[in-house]
Amino acid sequence: MSLANTTLIAHTTKLDLVIRHVLAGLGHGIHAGRERGAGVEFSEYRSYVPGDEWRRVDWKLAARADRYFVREAERDSHVAVWLILDASASMAEPSRSVEGVDKLTYARTLLACVAAIAQRQGDAFGLVILSDGKVTFTPANRGPRHLQRVLAQLQRTTPAGQLPDTATLKASLHFALSPSAIYATSDLLDWPSPLSLALTRLRQMRHDVRVLCLQTQAEIDASFPDTQAYRDPEHEEGVFRFGADLKEGYRRNRMEHFNQVTAQCRKNDMPLTLAAIEQAPGDVLRRWLRRPSR
Amino acid sequence: MNALWWFALPILLLPIWWHRRKRVQNQAALMATARFLPRTEPRQTRVWRWSDPLLLLVRLLLLACLIAWLADPVYPWRGDTVVVANGADSAWVEREVTQAGLAGAERVALPAAQVLSWVHTHEREWSGDARLLVLGDVPMPAAKPVFGREVTVRTQPTAPSKVERHVYIASERPQAWRRLFAAQDGVEKIVVDDTPGATLDLIIWDRAEAPPATLRASLWWVTNPAAFPELATARALDGLQYADSARGRLWHHPAWPPQTVDAARTLLDTWQHLHIGPRPYTMASQVFPAFKGANAPEPSGALRDILLAILVGLFVLERSLTHARRR
């Protein structure tokens, strides 16, 4: 746990190494495995029809009821884990205190950890990267090889452009047919945005949507150097200044925005985790994956 | 006059002005949450930077070359020089050169009559500290030459070469005319041809009938003006009538052939002065000091061909670079 802090992320580019360190502090079983063996999780009885396997007939019930019943198990109710990564240009926002870490790196690490956990538990997991107006889609699958594929895909991602528009994103949500757990990381600076609409929609389809909102400590404290001008990475026009006189206004605007975001998430029953990228990834991961208190 | 074109050199400031980039540089860092801040005026920094320095260089060279071409500069490339008139005694030339300490200097050999005018024309081609020595039998010019730089002239009269003047006499009394030429002495020798040759200097036509149309000479002495219709409108000078015809210049005097020695002398002198020209006279050795107000002759355009070639090359280069930049 001691090793798995943000500096570690800055110091290595090998995602699997970071994952190992982060997960070492977590232990297993943080996320309830949804995979069930055949017949392990009882679902219902149904009447025997010719052709059913004899071993699936409940003999005790047959003895009591004098009719054959077959135990049905939830074999096909696997939960796919979907990792959604916002890789728009604003995710390149670096930490002003820890050198070499930005929001995208941090988000990438946490998503890699989730993927690794899903792989250990035998869940299928897929990846959706939203970058430069496009959706990069990696279908859900199981196994260590797929984990490597997802890690490579995460590693390749660079922050660019804006989020894809609503139509593009909606067309990419075809995975939403089966029940799935959706882990989305973003800075949520645009709200409502195509991403927020998509997440709300997924939540309304009764998927388990968990949103991780990444911030930097400088944003939380409103402590930017006032020696230079600033530009919005996703909107070219306009130059902004930061200074002591603007600190309160910045903090107030930001608070308003995130209060609204939090209220919307609560309204839609989407657990929202706010985290600063200077915090240890293990802690953040634990908070994010924790079963939300109802 | 051409040198005034150098005042056009400030035109070079134009491309410099064009290529200077007043780029508004707002050194702004990226901030994802900039939207929570009020928008401000961009802080502008004017930076003296160059766009396309190569193109700027080519354009400057092009303009400078154009101005130089118009100004027609003379590059002072000649060092110490000894100008030797043709026909000078080589031993004497060597002695004079050694005495002047110009043994290693460049030698230029020229016809004696052109030496001074050539030096005057090319005066600006000598570098500032070059010494100029003119040697040989330099004839005295009609007006005293003025040079913009110091020119030393050392002369040694050479024996004038013998000149033959061919004369054809068509006359019933040739002896009277031959006597006339016996009075001639000096370097010019009068040869009386029996038949008219190809190069005749003088034909004496002392007959009543007209001469054959094929007979030509630069000068005719005619005793019977009736044979030459051109003489009817001739102008007169001291009793000597002169006119130009297709055969050559015609002279007529009623008192010909001259009967006295004086008259013969006068006629020969007149022939020398008015037709042949004065005999060259060797000028005295002297040093012409540099004269500030000397009118430097107009440049002869010696560098213009090179400059034009460079100009065309630079123009092609500039067009190509501009085209490439637009791509």
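Strand 8 of chain B is mostly covered, with four of its five residues buried. The model described here is predicted.

**Strand 8 of chain B and its sheet**

Strand 8 (residues 151–155) of chain B has a partner in strand 16 of chain B, and the two run antiparallel, joined by three bridges. Within this pairing, Thr152(B) has Val287(B) as its bridge partner in strand 16 of chain B, while Val153(B) is bridged to Gln286(B). Strand 8 of chain B also pairs with strand 7 of chain B, here in the parallel sense and over four bridges. In that pairing Gly136(B) stands opposite Thr155(B).

These strands belong to an open sheet of five strands in chain B, with the order 6-5-7-8-16 and mixed pairing. Its edges are strand 6 (106–110) and strand 16 (286–288) of chain B, each of which pairs on one side only. On average, neighbouring strands of the sheet are turned by 20° against each other, direction ignored. Helix 3 (residues 90–100) of chain B lies across strand 5 (81–85), strand 7 (132–136) and strand 8 of chain B. The angle between helix 3 and strand 7 of chain B is about 160°.

Chain B as a whole contains seven helices and 16 strands. Of its 327 residues, 18% count as buried. Among the contacts in chain B with a separation of 6 or more, 71% are between residues 24 or more positions apart.

**Strand pairings**

| Strands | Sense | Bridges |
|---|---|---|
| Strand 8 and strand 16 of chain B | antiparallel | three bridges |
| Strand 7 and strand 8 of chain B | parallel | four bridges |
| Strand 3 and strand 4 of chain A | parallel | seven bridges |
| Strand 8 of chain A and strand 2 of chain B | parallel | three bridges |

**The contact between the chains**

Where chain A meets chain B, 23 residues of chain A are in contact with 17 residues of chain B. Strand 8 (229–232), strand 9 (235–241) and helix 9 (247–267) of chain A each supply at least two residues of the side of chain A that touches chain B. By class, that side of chain A has eleven nonpolar, five polar and seven charged residues.

**Strand 4 of chain A**

Strand 4 (residues 124–131) of chain A is mostly covered: eight of its eight residues are buried. In a regular strand, side chains alternate between the two faces of the sheet. In strand 4 of chain A, Ala124(A), Gly126(A), Val128(A) and Leu130(A) point one way, whereas Phe125(A), Leu127(A), Ile129(A) and Ser131(A) point the other way, and all are buried. Strand 4 of chain A is paired with strand 3 (residues 80–86) of chain A, and Leu83(A) stands opposite Leu127(A).

The largest nonpolar core has 78 residues. Those with the most contacts inside this core are Val81(A), Leu83(A), Leu111(A), Cys113(A), Val114(A) and Ala115(A). Helix 4 of chain A gives the largest share of the core, twelve residues. Not counting residues up to four places away in sequence, Ala115(A) touches Leu83(A), Phe125(A), Leu147(A) and Val150(A). Apart from this core lies another, of 18 residues, among them Val82(B), Leu133(B), Val138(B) and Val151(B).

The axes of helix 4 and helix 5 (residues 144–156) of chain A come within 10 Å and cross at roughly 170°. Angles over 145 degrees count as roughly antiparallel, and the two helices are therefore roughly antiparallel to each other. On the side of helix 4 of chain A, the residues that meet helix 5 of chain A are Arg108(A), Leu111(A), Ala112(A), Ala115(A), Ala116(A) and Gln119(A). Their counterparts in helix 5 of chain A are Pro144(A), Leu147(A), Val150(A), Leu151(A) and Leu154(A). The residues of this contact divide into nine nonpolar, one polar and one charged.

Thr109(A) also lies in helix 4 (residues 103–121) of chain A. Thr109(A) counts as buried because 26 C-beta neighbours lie inside 10 Å, where 20 or more are required. Leaving aside neighbours within four places in sequence, Thr109(A) is in contact with Ile9(A), Leu15(A), Val18(A) and Pro281(A). The C-alpha atoms of Thr109(A) and Thr6(A) are separated by 9.9 Å, although these residues are 103 residues apart along the chain.

Key:
Residues numbered from 1 in each chain as written. Chains lettered and ligands numbered in written order. Predicted model: local features only at pLDDT ≥ 70, side-chain atom pairs only at ≥ 80, totals over all residues. Buried ≥ 20, exposed ≤ 12 C-beta atoms within 10 Å, placed from the backbone. Contact = placed C-beta atoms within 7 Å. Nonpolar A, V, L, I, M, F, W, Y, C, P; charged D, E, K, R; others polar. Pairing = 2+ DSSP bridges. Axes fitted to C-alpha atoms, helices over the stretch in contact; angles between N-to-C directions. Core = buried A, V, L, I, M, F, W, Y, C linked by C-beta atoms within 7 Å. Parallel < 35°, antiparallel > 145°, perpendicular 65-115°, else oblique.
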